[in-house]
Every structure is written in C-alpha cells, then in structure tokens.
Amino acid sequence: MITLTDEQIEKEYHMHHAIPDVKNVLQDLKDDAIIQAPRTVLPVDDNSSMLYMPCISTASKISIIKTVSIFPVNKDLPTTQGNLLVTDLTKGEHKATMDASYLTRLRTGAMTAIATERLARKDAKTLGAIGTGNMAFEQVLGVVEVRDIEKIVLYNRTKEKAEAFKERLEAFGIKADIEVVDDASDVVTQSDILNCATQSTEPVFDGNDLKPGTHINGVGSFKPVMKEMDETTIKRASQIYADDLESVKEEAGELIHAVDAGIISWDDIKGELVDIFDQDYLRQDDEEITLYKCVGAGYFDLAVAGGVMKMFTE
C-alpha cells in the first residue's frame with residue numbers, strides 16, 4: 001500500500017486533471033455505477049466537526065472512504081484536514097492512503113468549474129471572492145480554467161488574510177488584476193461571477209447588490225445552521241443547481257431555510273451536476289442570476305482519488 005502526502009499530490013495532480021476526472025465519475029453516476037452511503041457529520045463541539053464519506057464505483061472497481069476534520073479554531077494547523085483510504089474492488093486490497101485536504105479543495109474547485117462553465121455568462125470578466133480561506137483558492141482556479149477572468153476582487157473579514165490570498169494567487173501565476181476591498185458589497189457590485197466560501201451562520205452579502213447576469217458559486221456552508229447567502233439572493237436566482245440534491249437537502253442551510261420559509265420548494269432546484277455536466281450552455285439570457293450550491297458527496301472524492309491512483313501507480 002502506498003502513502004501519498006498533500007505535497008506529493010499537489011506537485012503532480014492539478015485542476016486540468018481534476019475537471020475531466022470529475023466529469024468521468026458523473027458519467028458513472030449517470031450510468032448507475034456509483035454506490036454510496038450518506039455523508040455522516042458528527043459534531044465535536046459547537047465549532048468543530050468530523051465528516052465521514054464512503055463511496056464505491058462498480059465501473060472503476062475502486063472504493064474510497066474519506067475522513068475529514070474541520071476545526072476552525074486551528075492556528076498552527078489547517079482548518080480542514082482529511083485522509084482517503086482507497087481499496088481495489090477486484091480483490092478487496094487496500095491500495096493507498098492519501099492526504100485529502102488538497103484533493104477536497106481541488107475536486108470542489110473542479111465542480112465549481114463545471115457549474116460555471118454551464119451557467120456563467122460567456123463574457124464574464126470579473127470574479128469576486130468572499131472568504132479567502134483554504135477552500136477559496138481552488139475555487140478561483142476552477143473559475144479561471146473556464147472563463148477569461150481579467151479582474152479578481154477579494155474580501156475577507158480579516159483583511160490581512162485577503163492580502164495574503166492575493167499574494168498567493170500572484171505567486172501561482174494568475175494574471176488577472178487582483179484587488180482587496182474593505183466591504184463585501186464592493187465585491188458583489190463588481191462581480192460577474194461570485195464565489196462564496198465561508199462558514200458563516202449569517203448572510204455575508206446583500207442579495208440586492210447582485211448585478212443582473214451574475215453567477216454565484218456557494219461552497220462554504222455545509223451545515224443546516226450555516227447560511228452565507230440571504231433570502232434575496234435565493235429569490236433573485238432564476239436557475240438554482242446543486243452538486244448533489246440529497247446532500248443539499250440535509251446540509252445547505254440557506255436553501256433549507258428558504259424552503260422552510262416558503263421562498264422556494266425543492267422542486268425549484270433545476271438539477272444536479274450529473275444533469276448538466278454533459279449538457280449545452282444553460283443560461284437563458286445575460287440578465288438572469290444563476291446559483292450553484294455545493295456541499296460535497298463521496299463520488300466527487302472518488303473521482304480525484306481514482307485520478308491520483310492512475311497517475312502514481314500506472
């Protein structure tokens with residue numbers, strides 16, 4: 001059995017690998033070749049959580065179980081840490097353990113790329129990001145993979161973290177003009193595409209500030225008590241998609257709240273990533289606001305784990 005660290009994986013396996021691997025697994029899901037149990041979220045305390053995600057692909061003959069710890073109080077370690085166990089289903093042999101923090105961020109960014117490719121305006125030039133923690137970086141990479149972004153606007157409650165995020169993007173080689181602003185509204189009013197990656201229990205921007213034609217990627221909240229988008233945003237969105245609807249029904253606080261309040265029904269969700277990954281462009285016009293909500297599911301982790309296994313063992 002091999003052991004792979006985040007550093008080893010990040011050196012070799014990138015966004016342009018992850019996007020097609022996620023699309024391949026979505027095809028497996030469409031072909032009824034994915035078996036998974038619901039994601040289990042166990043609270044450690046009021047702030048910290050443990051997540052457990054098992055999944056099998058009968059097409060690729062591999063199984064994964066991912067364990068993730070989310071500890072926002074961490075100062076000397078990342079907030080999110082994960083590990084994946086990969087099993088070969090031809091003989092039941094455990095083939096690899098691999099760090100999953102980078103892969104979790106990468107597959108989420110790849111999912112965002114797929115949703116953005118289908119829903120964002122083709123001429124979108126300005127990307128806004130609210131929240132500049134670890135998860136946010138690969139969300140930016142996913143968007144710039146599918147749209148020609150000329151400007152990136154960043155906001156974080158702690159401005160120093162947004163400044164550090166800007167430096168990290170520049171060091172990575174992102175060519176866009178990057179601006180750090182003092183207020184979330186300054187992000188929203190400029191954005192053609194808006195990435196939201198926070199763990200807030202209260203909305204982090206005012207939906208009235210959204211420009212017509214904005215596409216929103218909401219990837220931060222993953223508990224019913226979390227709600228980074230407000231009711232106005234939900235009301236203004238004419239197309240809403242989920243990464244995995246059953247998971248979203250259990251975990252996406254803003255949508256759960258909107259359904260409970262009668263603002264929308266679950267039937268108003270247009271579809272999941274599996275419904276749109278191989279479809280044509282879905283935007284109806286340049287004025288409508290579109291929303292993609294992501295909380296994660298095990299088959300997305302299986303996608304990137306399988307891609308890594310091919311890269312390191314074949």
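This is a predicted model: local features need pLDDT of at least 70, side-chain atom pairs count only at pLDDT 80 or more; totals for chains, interfaces and linings use all residues.
Reader: Which residues of H9 are buried?

Author: Buried means under 20% relative accessible area, exposed means over 50%, and partly exposed lies in between (1.4 Å probe, protein chains only). In H9 (residues 253-260), the buried residues are Gly253, Glu254, Leu255, Ile256 and Ala258.

Reader: Where is Lys223, and which residues does Lys223 touch?

Author: A contact is a pair of heavy atoms within 4.5 Å. Lys223 sits in the loop between strand S12 (215-218) and H7. Leaving out residues up to four places away in sequence, Lys223 touches Asn47, Ser49, Glu251 and Gly253. Its relative accessibility is 15%, so Lys223 counts as buried. Between the C-alpha atoms of Lys223 and Glu254, which are 31 residues apart along the chain, the separation is 9.4 Å.

Reader: How is a pair of aromatic rings described?

Author: By the distance of the centres and the angle of the planes. Rings of Phe, Tyr and Trp (its six-membered ring) pair if their centres lie within 6.5 Å; planes under 30 degrees apart are stacked, over 60 edge-to-face, and the rest tilted. A search of the whole structure finds three aromatic pairs. One of them, Phe137 with Phe165, is edge-to-face, at 5.9 Å centre to centre and 80° between the planes. Phe137 lies in helix H4 (residues 134-146) and Phe165 in helix H5 (residues 159-172), so this pair ties together parts 28 residues apart in sequence. Phe137 is buried at 3% relative accessibility. Phe137 and Phe172 also form an edge-to-face pair, at 5.5 Å centre to centre and 85° between the planes. Phe172 is in H5, so the pair with Phe137 of H4 ties together parts 35 residues apart in sequence.

Reader: Is Phe172 buried or exposed?

Author: Phe172 is exposed, with a relative accessible area of 52%. Phe165, by contrast, is buried, at 3%. Ring pairs link Phe137, Phe165 and Phe172 into a cluster.

Reader: Which residues touch the most other members of the largest nonpolar core?

Author: A nonpolar core is a set of buried Ala, Val, Leu, Ile, Met, Phe, Trp, Tyr and Cys residues joined through side-chain atoms within 4.5 Å. The largest one has 67 residues, of which Leu26, Met98, Leu103, Ile152, Leu169 and Leu273 touch the most other members. Helix H3 (residues 101-119) supplies the largest share of this core, nine residues. Apart from it lies another core, of 27 residues, including Ile130, Leu245, Ile269 and Val295.

Reader: What does Leu169 touch?

Author: Not counting residues up to four places away in sequence, Leu169 touches Phe137, Val140, Ile152, Leu154, Ile174 and Ile178.

Terms used
Residues are numbered from 1 along each chain as its sequence is written. Side-chain values use heavy atoms; hydrogens and water are left out. Helices (H or I, at least four residues) and strands (E, at least two) are DSSP runs, numbered from the N terminus.
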